[in-house]
Amino acid sequence: MPMPSPSSPSPSQENEAERPMASAEYAAGALSDVRLAQERAGLRAQTTPAWYGPAAAVALVVPSVVRAWSDGRGGAATVVALLVSLLGLGAVVALARAARRGAGVLMARSWSSRLWRSRVVLPVVLAAGAITGIVCWVAGADQATTQIVVFGVWGLGAWGACLVRNAAIQRALRELA
């Protein structure tokens, strides 16, 4: 059996020399996988459920419809209209919370980051509602009808924004896969 020369590394020394490199590569790969999983989870947390848009539109429109119904009736009808308005506000808050929880990952965002994320959509949806209100007013629609139509446009705009954002998130998730 030949004896290894003192200058050539033994097989155990070669394995020890390769281990740190393999460990570093493995760790880098694992870290990359973790970052990718975090990015996917973050994207999934930003999606809104399909039911959110129609539910938000209903939560915006129904109080206006009830208020229009209660106009001129006084008494109990006014109390019902106020109650439905409060329930509508509570429904919108509950829908927003449910949409965040529906993703399975909660990401706490500040109001400024939420407004920044909707910096294009929010003004467009609000402007569409305002233009619709002006058109209704010019056409001679009464206040209740105008309010119902404007809130309907805002609800549909919010729904459309959710659909567009979800489509962009799905494209980003496909690119990550």
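## Helix α6 and N166

N166 is found in helix α6, which spans residues 143–176; helices (H or I, at least four residues) are DSSP runs numbered from the N terminus. The model is a predicted one, in which local features need pLDDT of at least 70, side-chain atom pairs count only at pLDDT 80 or more, and totals for chains, interfaces and linings use all residues. Residues are numbered from 1 along each chain as its sequence is written, and side-chain values use heavy atoms, with hydrogens and water left out.

N166 counts as buried because its relative accessibility is 14%; buried means under 20% relative accessible area, exposed over 50%, and partly exposed in between (1.4 Å probe, protein chains only). Apart from neighbours within four places in sequence, N166 is in contact with Q46, T47 and T48, where contact means heavy atoms within 4.5 Å. The C-alpha atoms of N166 and P49 lie 8.7 Å apart in space, although 117 residues separate the two in sequence.

The largest nonpolar core has five residues: Y52, A56, A59, L95 and C162. Such a core is a set of buried Ala, Val, Leu, Ile, Met, Phe, Trp, Tyr and Cys residues joined through side-chain atoms within 4.5 Å. Helix α2 (residues 52–70) supplies the largest share of this core, namely three residues.

S64 is also found in helix α2. With a relative accessible area of 1%, S64 is buried. When residues up to four places away in sequence are not counted, S64 touches Q147, I148 and F151.

## The salt bridge

One salt bridge is found in a search of the whole structure, the criterion being a side-chain nitrogen of Lys or Arg within 4 Å of a carboxyl oxygen of Asp or Glu. R67 forms a salt bridge with D71, and their closest N and O atoms are 3.2 Å apart. R67 is partly exposed, its relative accessible area being 23%; D71 is likewise partly exposed, at 42%.

## Nonpolar surface patch

V120, V121 and V124 make a nonpolar surface patch of about 250 Å². Patches consist of residues with over 30% relative accessible area and no salt bridge; like charges are joined within 9 Å, and nonpolar side chains (Val, Leu, Ile, Met, Phe, Trp, Tyr) within 5 Å. Accessible areas come from the Shrake-Rupley method with a 1.4 Å probe, and for residues only the protein chains shown count as cover.

V124 is found in helix α5 (residues 121–139). This residue, V124, counts as exposed because its relative accessibility is 53%.

Definitions and conventions
Helix = DSSP H or I, 4+ residues; strand = E, 2+ residues; numbered from the N terminus.
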